[in-house]
Amino acid sequence: MARVSIRINGVVHEADVEPRLLLVHFIREVAGLTGTNIGCDTSQCGACTVILNGRAAKSCTFLAVQCDGSEILTVEGLAKDGQLHPIQQAFWEKHGLQCGYCTPGMIMTAYHFLQMNPNPTEEQIRHALEGNICRCTGYHNIVKAIQYAAELMRGGAPAATPAD
Amino acid sequence: MFPATFEYYAPTTLEEALEVLRQNPEAKILAGGHSLIPALKLRLTTPPALVDLRRIPGLAGIRLEGDHLVIGAMTTYYDIQTSDLVRQHVPVLAEATDLVGDLQVRNWGTVGGSLAHSDPAGDYPAIMLALGAEVRARGPQGERTIPIDQFFVGMFTTALQPGEVLTEVRVPVMPPGTGAAYVKFPHPASRYAVVGICAVVTREDNICRQARVAVTGATLQATRATAAEQALQGQPLNPDTIRAAAERAPEGLTIVGDRVFASEEYRTHLVRVLTRRALTAAVEKIR
Amino acid sequence: MVQAPERPLGAAVKRREDPRFITGQGTYVDNLKFVGAVYLAILRSPYAHARIKKIDASRARAHPGVLAVFTGEDLRRDGIGSIPVGWLLPDIRLVPHYPLAVDKARYVGDGVAAVVAADRYTAYDALSLIDVEYEPLPAVVDQEAATKPGAPLVHDEAPNNICFKFVLSGGNVDQAFAEADGVVRQKVINHRVSGSSVEPRAALAVFHPATGELTLYNTNQNPHLIRLLLALTMNYPEHKIRVIAPDVGGGFGTKIYLYPDEVVACYAAMKLGRPVKWVETRSEYLRATIHGRDHITYFEAAYKKDGTITGLKVTTYANLGAYISPFGPLIPTFLYVPMLHGPYKLPNVSAEVYGVFTNTTPADATRGAGRPEATYLLERMVDLVARELNMDPAEVRRRNVLEPFENYQTPMAFVYDSGNYPATLERALELVGYRQLREEQRRLREQGRYIGIGLSTYVEVTGAAPSQIAVSLGAQAGLFESAIVRVHPTGKVTLFTGSHTHGQGHETTFAQAIADQFGIPLDDVEVVHGDTAAIPFGLGTYGSRSTPVGLTAAYVAGQRVLEKAKRIAAHLLEAAEADIVFEGGRFFVRGAPERAVTFQEVALEAYVPRKIPADLELGLEASAFFNPTNFVFPFGTHVAVVEVDPETGQVKLLRYVAVDDVGRVINPMVVDGQVHGGVVHGLGQALWEQVVYDEHGNLLTGTWLDYAMPKAADLPFIETDRLVTPSPANPLGVKGAGETGTIAATPAVVNAVIDALAPFGVRHIDMPLTPERVWRAIRAAQTQR
């Protein structure tokens with residue numbers, strides 16, 4: 001067992017864990033934040049994407065012990081004071097989700113991507129989503145949502161987040 | 001899926017890491033983990049211990065040293081892709097890095113992990129081969145430099161000795177008159193290379209002074225396509241000579257196919273086509 | 001975003017389910033936590049076919065953290081039976097399907113033993129400690145080969161591995177062929193695919209020993225059906241079982257059935273008296289969750305010189321896999337053969353279908369289910385006829401599609417409810433700029449570039465449908481849907497529906513329809529679904545039936561509520577009931593709109609009676625079991641535009657145009673979303689997706705590293721348009737919209753690629769059109785020339 005302390009959405013979670021415990025299980029089972037989903041075994045689907053020390057990360061491809069002392073933002077940490085983050089708002093407005101299972105990963109990938117590239121082309125958005133699989137939307141409205149979110153974020157001030 | 005149990009070590013100095021490796025000869029080194037952790041989850045590998053290099057300062061970073069770009073083993077794809085030094089001195093590396101894995105993988109996968117893993121479909125092994133890089137490693141016997149041509153020994157096997165740690169990669173700055181390109185045919189699911197070709201061409205008076213062509217995806221480990229290189233060397237650079245050289249690219253290579261997506265025969269064909277395209281693009285980029 | 005107009009029905013209202021998903025508050029099964037819960041893992045056969053000689057679980061049982069290990073024998077000893085078949089065909093060969101194998105393992109992934117442990121890591125550790133002695137047996141994978149003498153037998157009870165033979169015809173096929181100007185023949189393989197919802201399956205079984213109540217939280221599309229099948233399999237009283245399908249992360253047909261794993265979870269919970277959670281890994285999903293399609297078909301089509309197609313003969317070998325999945329027999333029969341007239345006049349069709357056992361994962365409904373197979377065959381047929389006659393494929397379609405109609409009796413079986421096929425065909429051609437595209441194609445070919453234009457004109461069947469007919473044809477369950485509309489004293493409404501939403505957006509669209517019906521704000525309607533304890537009964541969501549059947553049930557219940565409300569309003573307004581008019585949320589006396597009471601006032605009166613007499617029953621709610629009188633038949637035309645790199649065989653999608661008619665539309669934004677997703681599912685099959693076994697039955701596509709689904713970077717935006725031909729089969733005029741895209745897209749893309757390769761003489765390529773297959777087809781065609 002190893003002592004691990006990880007700050008998630010501004011709250012420190014400390015626990016003794018087996019070294020083999022995956023970060024995604026730490027987030028879901030130890031911190032009790034179940035917004036981050038698991039969709040595959042092989043790091044393809046991106047449903048488990050979170051922001052780890054400022055960068056999008058597939059939390060199924062990290063051990064919790066590797067992340068001791070790290071700062072994580074999950075989908076639960078995006079909205080501030082009841083205000084949805086512009087990306088959340090955009091996914092809602094543009095019907096960027098159906099079953100909702102891939103959605104947290106899509107949103108967190110978009111979160112990092114739009115920080116790197118606030119004014120992306122359609123092609124750049126599609127390229128940024130290569131690590132995220134959606135089976136419901138055909139990605140059509142996800143791309144539209146990210147385009148719209150970029151617009152919202154360029155226009156207004158996005159909510160500050162712990163990982164900023 | 002769920003990894004089997006293992007001991008976890010997170011040394012904070014390289015010396016400490018080497019000592020842990022000495023005491024745990026079956027241990028695996030954990031860098032970015034983006035190849036190792038999926039393998040652990042599927043229990044394709046069940047090492048008794050992991051030695052995480054993340055806590056060792058100084059293993060990540062990019063600097064210019066004479067005519068070499070020195071990239072620390074723990075440097076991520078993201079850092080390479082966004083590095084001005086890389087864009088300026090080895091632009092093909094920045095361009096090609098955008099084709100590696102996906103956004104999340106590029107954020108966390110490392111150059112050292114990629115090379116030490118010697119994945120037969122990895123991108124960096126072929127790119128570094130074509131660029132003529134060198135690998136620096138530290139082990140019980142001290143430090144040594146391994147020319148990249150001697151580094152990839154087989155599928156998931158490199159010239160690294162037990163207990164040795166890859167510390168940095170030294171990439172020669174692209175000399176004047178040189179152009180380079182990486183052309184990748186990605187697998188639709190994994191986004192690994194079905195075939196990837198990296199070509200680096202140096203031109204003098206419209207004659208090919210040197211060509212380095214490296215293949216990934218089609219062979220058990222990344223390999224130089226020496227027949228194509230030799231065919232081009234000393235030749236004028238034009239579509240005919242490039243085509244002729246590309247036709248010879250598979251010569252001497254043991255090309256391996258799979259039963260679902262791309263057979264040996266098709267990959268052999270792709271090696272030719274992509275070599276031609278990579279050489280053509282490389283020549284266009286000569287500056 | 002379109003602003004909600006006065007009437008919510010037909011408006012692009014933002015979905016009410018979204019806030020919980022975009023903030024990470026979805027209640028998927030694996031998110032549910034119970035005190036004392038333990039974890040189940042299933043040991044699966046690594047062999048496609050093997051006799052189980054001995055299972056020694058002593059090492060696993062001794063492993064710290066392991067609570068129990070169960071085998072098939074344990075379950076049988078405790079009275080757990082075989083999973084029932086949901087659709088019985090004449091002379092079907094029934095074989096048992098026990099939740100854990102007892103004598104033989106019959107496919108890679110067949111459950112052999114189960115471990116319950118304190119946590120999931122330990123449960124998976126323990127799997128490797130179960131020692132199973134297998135005697136590997138020869139396996140059979142190809143369903144046509146499986147019917148030949150000498151093939152290994154999957155079940156001793158089924159000679160030649162044939163589960164059923166299904167024959168149906170309409171018209172006079174022999175005459176059509178005798179009088180034909182020409183005949184095209186083709187073998188087409190509609191290969192095996194995986195629905196691959198991003199959420200794998202999961203089960204959480206909770207048993208209360210004191211009350212005997214068993215609750216199963218489960219990733220499924222139809223909790224009542226699961227409860228019924230569970231009761232039958234476990235020999236446990238149905239009314240003691242509660243099944244809850246909370247938020248479900250996509251179904252695509254793969255979550256309709258009762259699977260072995262769920263039964264084992266319930267069994268373990270009852271045995272141990274602890275909540276038992278099982279969550280499938282993706283590797284398990286690809287082995288243990290049903291696959292779809294997998295037809296080998298030989299067809300011949302008779303045609304006239306003018307392009308009229310007059311006859312079609314079809315022989316299909318449908319791979320059922322190793323066991324009969326509950327609706328496995330339905331898909332390649334009644335959902336396939338009667339649709340072989342397609343949208344065409346095509347008057348003479350005959351088909352025979354062999355349902356065949358093989359050593360593969362059981363096959364059942366996957367988005368489209370039977371209709372994609374029929375449409376693919378028909379659309380390839382039309383293009384092949386066009387090729388033979390050197391006619392434009394659009395023109396051949398023009399000459400064959402039915403004229404606009406209402407209630408058209410097809411020669412074989414179905415009565416198409418309503419259609420205007422020429423209209424969607426012409427609209428799609430116009431939208432894509434067909435004529436200009438053909439010119440561009442010609443121009444580009446001269447430059448050595450190969451673009452292709454592929455059409456798919458389809459009709460499909462949704463909203464299944466008259467229960468008595470279905471039962472007479474073999475259904476073991478009705479095909480109705482139930483609803484309760486409950487008006488609360490404040491005039492707020494709760495709709496309880498037997499339909500289940502797992503992405504379709506019923507919480508929004510059903511509420512839109514009810515709010516519209518009652519003239520009340522959308523926010524005043526709540527939709528409850530997915531819980532057998534809350535809803536009287538339900539057949540659930542599959543086959544695009546929720547809107548035409550489930551919502552219609554809600555509408556019928558709503559009408560009953562309004563009838564009673566009128567009676568109450570009559571008392572409040574002191575007028576004759578016959579004189580009460582309901583409009584825009586108000587009841588008023590005919591001719592005197594100022595003498596009015598609101599819906600809310602009537603609701604209050606129903607619970608707090610002031611004026612209504614004692615003989616009028618209090619309360620304001622109604623239930624309905626809607627049993628449709630007919631199926632409904634959405635239709636449309638899709639056009640795919642691709643470019644093929646002739647050197648590598650790689651296909652790039654340039655454009656995709658979808659013109660659909662799904663009857664009246666409740667929420668256009670949601671319907672567009674269904675089309676986008678459906679199209680991408682269908683083109684995924686055309687280009688990338690395939691489940692592949694080797695000849696020994698080993699699964700070669702066992703993870704998402706190998707099973708290739710469309711990604712954002714592979715796709716263009718989908719261009720959609722819609723026409724509206726209301727259905728006469730239900731009061732709302734609606735049809736289903738969830739599968740149209742999938743059904744249409746596969747042949748559109750394949751036709752486009754083959755069209756691109758026409759200059760090479762390529763006539764047909766079997767899916768998926770991987771670069772290598774395209775490259776080989778070009779080479780083969782060139783060699784032939």
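Visitor: What makes up the secondary structure of chain B?

Guide: In this predicted model, chain B comprises 11 helices and 14 strands.

Visitor: Why is chain B called as compact as a globular protein of that length?

Guide: The radius of gyration of chain B is 19 Å, and the globule rule gives 19 Å for 287 residues; the two values are close, so chain B is as compact as a globular protein of that length. Along the principal axes, the C-alpha atoms of chain B fill a box of roughly 55 × 45 × 35 Å.

Visitor: How many of the residues in chain B are buried?

Guide: Of the 287 residues in chain B, 56% are buried. A residue is placed in that class if 20 or more other C-beta atoms lie within 10 Å of its own.

Visitor: What share of the contacts in chain B joins residues at least 24 apart?

Guide: That share is 63%, taken among contacts between residues at least 6 apart in sequence.

Visitor: What makes up the contact between chain A and chain C?

Guide: Chain A gives 45 residues and chain C gives 43 residues. On the side of chain A, the elements that give two or more residues are helix 2 (86-93), helix 3 (103-116), helix 4 (122-128) and helix 5 (140-155). By class, that side has 21 nonpolar, 17 polar and 7 charged residues.

Visitor: Where does C:Lys255 lie?

Guide: C:Lys255 is in the loop between strand 11 (241-244) and helix 8 (260-272) of chain C.

Visitor: How do you know whether C:Lys255 is buried or exposed?

Guide: The cut-off for a buried residue is 20 or more C-beta atoms within 10 Å. C:Lys255 has 30 C-beta neighbours inside 10 Å and therefore counts as buried.

Visitor: Which residues does C:Lys255 touch, not counting residues up to four places away in sequence?

Guide: C:Lys255 touches C:Ser197, C:Arg201, C:Thr219, C:Asn220, C:Gln221 and C:Val248.

Terms used:
Residues are numbered from 1 along each chain as its sequence is written. Chains are lettered from A and ligands numbered from 1 in the order in which they are written. This is a predicted model: local features need pLDDT of at least 70, side-chain atom pairs count only at pLDDT 80 or more; totals for chains, interfaces and linings use all residues. Helices (H or I, at least four residues) and strands (E, at least two) are DSSP runs, numbered from the N terminus. The radius of gyration is taken over C-alpha atoms; the globule rule is 2.2 Å times the number of residues to the power 0.38. A residue is buried if 20 or more other C-beta atoms lie within 10 Å of its own, exposed if 12 or fewer, and partly exposed in between; C-beta atoms are placed from the backbone. Two residues are in contact if their C-beta atoms, placed from the backbone, lie within 7 Å. Ala, Val, Leu, Ile, Met, Phe, Trp, Tyr, Cys and Pro count as nonpolar, Asp, Glu, Lys and Arg as charged, and the others, Gly among them, as polar.
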